[in-house]
Amino acid sequence: PRLFEQTEVQMGDVEVDQALANLCSINRPSNMAVIIGWFLACHLKSHLHLISGQFPLISIWGASGSGKSKTVEIAALLSGVSLEIGSSAANCSALNKFNAIELLSSSTTVPRICEEYNRDKLGDNLYNLLGELFKAVWGGESASRGSIANGQAVSRQIPLTGPVVYVSEQQPKMPALMERSLVLHLVKAGRNSDAMERVNEHKAGLLRFGQLLMMTALRTPVATVEAMLKKESESVSKSWDHRPRYSLMVVHMALTWAADLCAQYRLNDAADALKNIKRELKLLTAEEHRMGDHEGDRRVIMGNRPASEVDVFLSHLFDLIVDSASVISDQILAKGMPTGRRPAINPRTDFCMDGNTLYIWGKQCHARVLDHLRSLNVRSPLQQWSDFEALVESEPYFQGWKPVADKFYGQPALALDMTKLTARRIDCSAVREIYATLGQVPLEF
């Protein structure tokens, strides 16, 4: 961090004023509101942990050339992180448990930038390991790390306290991590190259404003920050889930704090720009009728709704049903001759439909999906039937455990609402067609 080396901000400071004003314009307003707000809030992270014990992560993802790394690099100057003069981003491919814990525990308010958090490049083990460590940062939880003391192997619990921004080409998939993150998708069309060029001309002003933020934060009582946070409750609709709502309130609070500070120092262009991007963000977060069940507006700033573990499991099941239907069709065409393959899921015995309700022989299908995943060297987190059984009951598409006459050897079937499955972006359209073609039988309930 380079903040102590900077000259103080003066009243009407043109360099600082123009740097901040142009920073607000280098990408779409709602994107910049979240990015800038998050980096501003890092200065108040210690306060927020005393208030709530929580601080959001931020995920920046998008295709190559979308400006992810450059946007993070410029915005990080507000926190004293300069990649040109000493600071560095961590490449996730170079991390392991030991140095990742060291990275995430060696800071309280200075952001830790983690680049290339891509599953296809890291592999499942490292991707999941880092995801679990990132997730722990939300609440400052501890991670265990082994060491040698007095010739004995000991395990130490190390709190993970560093604010984390992780950058990737794909949207993160871990539901628990996404729930704790502000997820932003950057695209090439959203970039403003002219504004970026102007920011580069004045970027020393961002470091200088960062020093002002740091010194102001050190003088700000925790009670003041708590009051500031409460004032933003109207900026985020209660239709948001608890964690995303809190994360967005933190962003709104930080933007208000910085805009007021700019006004005090007569940085008028910067104050107006900060107020404008906050206003644009509020249009997406505050209005009840804009939120409702319309996920489009939420995805602008929070990414797609994360798939739950049950969602993923059912997607595997439906893929397996399609594959099994292909095997059965081959057997029909072969007129009883061996085809070398057997269907894993049989529409005549393992599932059935009535109207818009799908009935599944739960234990049988659960076991078949696990067998299928093992053949692909994929491990499901729902290894135990009891885990799946408990979690599926909390899903919106769960209708109950219902008996179906002459089916499933008298065991209650798992009843699922297909309309709500589709609403959760679980593609089950082929299941209906397969049952109509291969498994249609009269149902008696």
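## Ground rules

This is a predicted model, where local features need pLDDT of at least 70, side-chain atom pairs count only at pLDDT 80 or more, and totals for chains, interfaces and linings use all residues. Residues are numbered from 1 along each chain as its sequence is written, and side-chain values use heavy atoms, with hydrogens and water left out.

## The chain as a whole

The protein chain has 20 helices and eleven strands; these are DSSP runs numbered from the N terminus, with helices (H or I) of at least four residues and strands (E) of at least two. Of its 445 residues, 50% count as buried. Buried here means under 20% relative accessible area, exposed means over 50%, and partly exposed is in between (1.4 Å probe, protein chains only).

The accessible surface comes to about 20500 Å², and 50% of that belongs to carbon and sulfur atoms; areas come from the Shrake-Rupley method with a 1.4 Å probe, and for residues only the protein chains shown count as cover. Among contacts (heavy atoms within 4.5 Å) with a separation of 6 or more, 74% join residues 24 or more positions apart.

## Helix H12 and its surroundings

H12 covers residues 242–264, 23 residues in total, and reaches 33 Å from first C-alpha to last, close to the 33 Å expected at 1.5 Å a residue (the expected span is 1.5 Å times one less than the number of residues). Because 17 of its 23 residues are buried, H12 is largely enclosed by the rest of the structure.

Leucine 229, in helix H11 (residues 222–231), is buried at 8% relative accessible area. Leaving out residues up to four places away in sequence, leucine 229 touches Leu48, Tyr246, Met249, Val250 and Met253. Leucine 229 and methionine 249 sit 20 residues apart in sequence and 6.6 Å apart in space, C-alpha to C-alpha.

## Charge pairs

The structure holds 13 salt bridges, each being a side-chain nitrogen of Lys or Arg within 4 Å of a carboxyl oxygen of Asp or Glu. Glutamate 179 pairs with arginine 243, with the closest N and O atoms 2.6 Å apart. Since glutamate 179 lies in helix H8 (residues 175–179) and arginine 243 in helix H12, the pair ties together parts that are 64 residues apart in sequence. Glutamate 179 also forms a salt bridge with arginine 180 (4.0 Å, N to O); arginine 180 is buried at 12%, while glutamate 179 is partly exposed at 29%.

In helix H4, glutamate 73 and lysine 70 are three residues apart, so about one helical turn separates them; their salt bridge has its closest N and O atoms 3.6 Å apart. Elsewhere, Asp13, Glu15 and Arg208 are linked in a network of salt bridges.

Lysine 68 is buried yet has no salt bridge, and the nearest side chain of opposite charge, glutamate 169, is 5.2 Å away (Lys and Arg count as positive, Asp and Glu as negative; His and the chain ends are not counted).

Most residues other than glycine have a negative phi. Glutamate 116 has a positive phi near 60° and lies in the loop between strand S3 (112–115) and helix H6 (119–122).
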